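Please open the model in your viewer and keep the selection panel at hand. The tour moves from one selection to the next.

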Number of protein chains: 2
Amino acid sequence: MGYRFPMNQIASSLPPSRGPADHNVRDQIVEAAGEHFSHYGYEKTTVSDLAKAIGFSKAYIYKFFDSKQAIGEAICAKTLSAIVVAVEEAVAGAATPTEKFRRMFKTLVSTGVSLFFNDRKLYDIAAHSAGEGWPSARAYCERIRQILTEIVREGRESGEFERKTPLDETVHAIDLVMQPYVNPLLLQYNLDLVEEAPTQLSNLVLRSLAP
Amino acid sequence: MGYRFPMNQIASSLPPSRGPADHNVRDQIVEAAGEHFSHYGYEKTTVSDLAKAIGFSKAYIYKFFDSKQAIGEAICAKTLSAIVVAVEEAVAGAATPTEKFRRMFKTLVSTGVSLFFNDRKLYDIAAHSAGEGWPSARAYCERIRQILTEIVREGRESGEFERKTPLDETVHAIDLVMQPYVNPLLLQYNLDLVEEAPTQLSNLVLRSLAP
DNA sequence: GCGGTGACTAAAAGCGACAATAGTCACCAG
DNA sequence: CTGGTGACTATTGTCGCTTTTAGTCACCGC
């Protein structure tokens, strides 16, 4: 039996869903939710709306999801996954760890901001998710940290970055620096810094990584 | 004629007040506001409450302040000044620029957090102020940046910090790093990081400043 | 003029009745 | 046993109304 989520999707540690994992109807729900949430927002779409959209009763939806929030989580995970994918692609296209880090940071911010402006409703879900510490948001931050760790590790191995400080500590500190731009909840308060921050902070971080 | 605010107070660039600058009644208003806001919060205290507390009519208060918000600003400025003073003292007690920076960051966070837990009502005003970009909050951030600039400048002169990158840029980047812990609006979202962040981030910043 | 106010208004907060919604459950069809 | 639902409830949101509240102004006593 396959895992509950498709490959590059962010998997919640404790999936708050029920019913069969891969089921046509489940996908239909997620799809309908994606459109409705994106159009009318999380609050303004009722579970009945989703039921109507896929031609089933509201009660049937609860065979697949524990709660409306669980549906929100699924959408949120999908949204955040898109950012992760963008970051992964940007990183893959860079040659050196230094460049990887720069691109990672920049892509992270720019996709986040673009989500904010082009898909505000979905962004709001993500922000809310981060604020409440939902698994989807946690998993997202965790994934970003992993990518970061990989970059730093690679940089250390190639001798491009210093090797004195403990890896975990370094990564954690850099993570703290990026946090205000990674976390959707915080990003919205830093929109005015979004132009300068990635470059300036990348410079600072990279200086701190110099061997 | 003296300036509108006592020496180590944060002065708004465009003082949104009216009436004589140093007037007994003005001080009484500020004092009463300090107590009421701190006790019952900004929203729950009415201007009439303040008037009653000092034994004058509500209308008279508006001879000294443009609006309730202006009174809020005064209180906010006072509150934030206290943080600045704490930071200045901590910095003054340190020998090297490195140590000054460490203490600055640490004091900033710890006084901010202590404000959050011990004077929540006042903290909320400060957070609101920062969110709305009131002059008092701007001035506070500006003052923090000045102190930071001074430390970096001193460190550069003494050869403790690198001198290659432009001073402004360096300071700005460090400022960005500290922002989530300086800005009361942001600090409240980072309370769980408050233990580790100052040390970890200080380490990172200082590594980036190494000559 | 200076120190001070009550009476007014426009806008917003508070409130209670009512409607919409999340979530459950017993039950039905094949 | 799988696939599916209508009818129910407890909670939450919303709407219109009343009360408060920020802010003004003309005016008073000295």
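Predicted model: local features only at pLDDT ≥ 70, side-chain atom pairs only at ≥ 80, totals over all residues.

Residues are numbered from 1 along each chain as its sequence is written, and chains are lettered from A and ligands numbered from 1 in the order in which they are written.

Select DNA strand D first, with the 14 residues that surround it, of which F56(A), A59(A), T46(B), S67(B) and K68(B) are the closest (near: C-beta atom, placed from the backbone, within 6 Å). Two or more residues each come from helix 3 (58–61) of chain A and from helix 2 (47–54), helix 3 (58–61) and helix 4 (68–92) of chain B (helices are DSSP runs of H or I, at least four residues, numbered from the N terminus).

Next, select helix 4 of chain B with helix 7 (residues 135–157) of chain B, whose axes come within 9 Å and cross at roughly 10° (axes are lines fitted to C-alpha atoms over the stretch in contact, and angles run from 0 to 180 degrees between N-to-C directions). Helix 4 of chain B is therefore roughly parallel to helix 7 of chain B (angles under 35 degrees).

Finally, turn to chain A, where the domain assignment, automatic or from a database, gives domain 1 (24–66) and domain 2 (71–209). The C-alpha centres of domain 1 and domain 2 of chain A lie 30 Å apart, and nine residues of domain 1 are in contact with 10 residues of domain 2 (contact: C-beta atoms, placed from the backbone, within 7 Å).

Definitions and conventions: Parallel < 35°, antiparallel > 145°, perpendicular 65-115°, else oblique. Contact = placed C-beta atoms within 7 Å.
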